[in-house]
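The exercises below are meant for a reader new to this structure. Each task sentence is followed by a solution in steps.

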Amino acid sequence: MPNCLVTGGAGFIGSHLSNALVERGWTVRILDNLSTGHEKNMDGFRDRVEFVKGSITDAETARRCCEGVDVVFHQAALASVPRSVDDPFESNFHNVDGTLTMLIAARDAGVKRFVYAASSSAYGDNPELPKTEDMRYDPMSP
């Protein structure tokens, strides 16, 4: 079975994804700084994953976490519309620079697949459902 890294794996979506992967027999490594995620979200499968407390913005941590990994599921983000407005530099550092750090680490480690998760908030208040990737972007915040 594949080896994977789930960034943000202690968050709401990342923890559910990690649990599902473990249940399917995958070897799962989680990278999370616990700034918005919680260890309790890993209850029930914590003993079946490798947990690394660290940041996606740290190049050395990212490099170590990508070693021996086939797939990266990138769920980590500093998600908060008010925070992105109040401190756009901090949001950019974690969300943009952190993603770039992970992409470089994955490339350098020979990771075969990088799956990036994004929010439908990129489409703004468009009422059309379901949201699709070919819709026009119209974000309401940074």
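**Exercise 1.** Determine how far apart the closest N and O atoms of Lys112 and Asp70 are, and state which parts the pair ties together.

*Solution.* Step 1. Lys112 forms a salt bridge with Asp70, with 3.2 Å between the closest N and O atoms; a salt bridge is a side-chain nitrogen of Lys or Arg within 4 Å of a carboxyl oxygen of Asp or Glu.

Step 1. Lys112 lies in the loop between helix 4 and strand 5 (113-116), and Asp70 in the loop between helix 2 (59-66) and strand 4 (71-74), so the pair ties together parts that are 42 residues apart in sequence. Helices (H or I, at least four residues) and strands (E, at least two) are DSSP runs, numbered from the N terminus.

Step 2. Lys112 counts as exposed at 69% relative accessibility, whereas Asp70 counts as buried at 19%. Buried means under 20% relative accessible area, exposed over 50%, and partly exposed in between (1.4 Å probe, protein chains only).

The model is predicted: local features need pLDDT of at least 70, side-chain atom pairs count only at pLDDT 80 or more, and totals for chains, interfaces and linings use all residues. Residues are numbered from 1 along each chain as its sequence is written, and side-chain values use heavy atoms, with hydrogens and water left out.

**Exercise 2.** Which residues form a nonpolar patch on the surface?

*Solution.* Step 1. The patch consists of Leu100, Leu103 and Ile104, which together have about 240 Å² of accessible area. Patches are made of residues with over 30% relative accessible area and no salt bridge; like charges are joined within 9 Å, nonpolar side chains (Val, Leu, Ile, Met, Phe, Trp, Tyr) within 5 Å. Accessible areas come from the Shrake-Rupley method with a 1.4 Å probe, and for residues only the protein chains shown count as cover.

Step 1. Ile104 belongs to helix 4 (residues 88-109) and is partly exposed, at 34% relative accessible area.

**Exercise 3.** Identify which element gives the most to the lining of the largest pocket.

*Solution.* Step 1. A pocket is defined on a 1 Å grid over the protein atoms alone, as an open set of points where a 1.4 Å probe fits, with protein on both sides within 12 Å along at least five of seven lines; lining residues have an atom within 4 Å of a point.

Step 1. The lining of the largest pocket comprises 41 residues, and Ala77, Leu78, Ala79, Asn95 and Ser119 lie nearest its centre.

Step 2. Helix 1 (12-23), strand 2 (27-32), helix 3 (81-86) and helix 4 each supply at least two lining residues. Helix 4 gives the most, with seven residues.
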